[in-house]
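Please look over the sequence and model below before reading on.

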Amino acid sequence: MRISGSVSALSAEVTLSLVLSAGNRRDVAFVVDTGFLGALALPEADLERLGWRVFGQTEATLADGSSCTTLVYEARVAWGEGVLRVAALAMGDRPLLGTALLEECHLGIDFTEGGTVQITPLTR
């Protein structure tokens, strides 16, 4: 597995293939956010269009230290050779990929406009 992307306007971005409820896939660009401990965060309107089901709510702590209650959707993302079921938080104004998906992976970023972003699994 190797996920590749690039740096644009000081944001490291990768495209993930999301698996919809009917089995179709939709590619979505995500900003890699190492300050976000969850798996995925997407604007609520985007999550509704994807057709995933809400399975609860959670309290989320934001970067400024404040907290908010947000809906949690059951998301499915193509990852490596399979499909992972992960929690996607309904929040923000752009899709974020957090560190829960980066666990046991190497993240490499060349932080210059157009630089490369690589996510590869660690081999042990």
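Which residues lie nearest the centre of the largest pocket? They are Asp33, Phe36, Thr61, Leu62 and Leu96, among 15 lining residues. This is a predicted model: local features need pLDDT of at least 70, side-chain atom pairs count only at pLDDT 80 or more, and totals for chains, interfaces and linings use all residues. Residues are numbered from 1 along each chain as its sequence is written, and side-chain values use heavy atoms, with hydrogens and water left out.

**Pocket**
- On a 1 Å grid over the protein atoms alone, a pocket is an open set of points where a 1.4 Å probe fits, with protein on both sides within 12 Å along at least five of seven lines; lining residues have an atom within 4 Å of a point.
- The lining of the largest pocket comprises 9 nonpolar, 3 polar and 3 charged residues.

**Core**
- Leaving aside residues up to four places away in sequence, Leu40 touches residues including Leu16, Phe30, Val86 and Leu101 (contact means heavy atoms within 4.5 Å).

**Exposure**
- Ala22 is exposed because its relative accessibility is 67% (buried is under 20% relative accessible area, exposed over 50%, partly exposed in between, with a 1.4 Å probe and protein chains only).
- Cys68 is partly exposed at 25%, while Cys105 is buried at 16%.

Conventions. Ala, Val, Leu, Ile, Met, Phe, Trp, Tyr, Cys and Pro count as nonpolar, Asp, Glu, Lys and Arg as charged, and the others, Gly among them, as polar.
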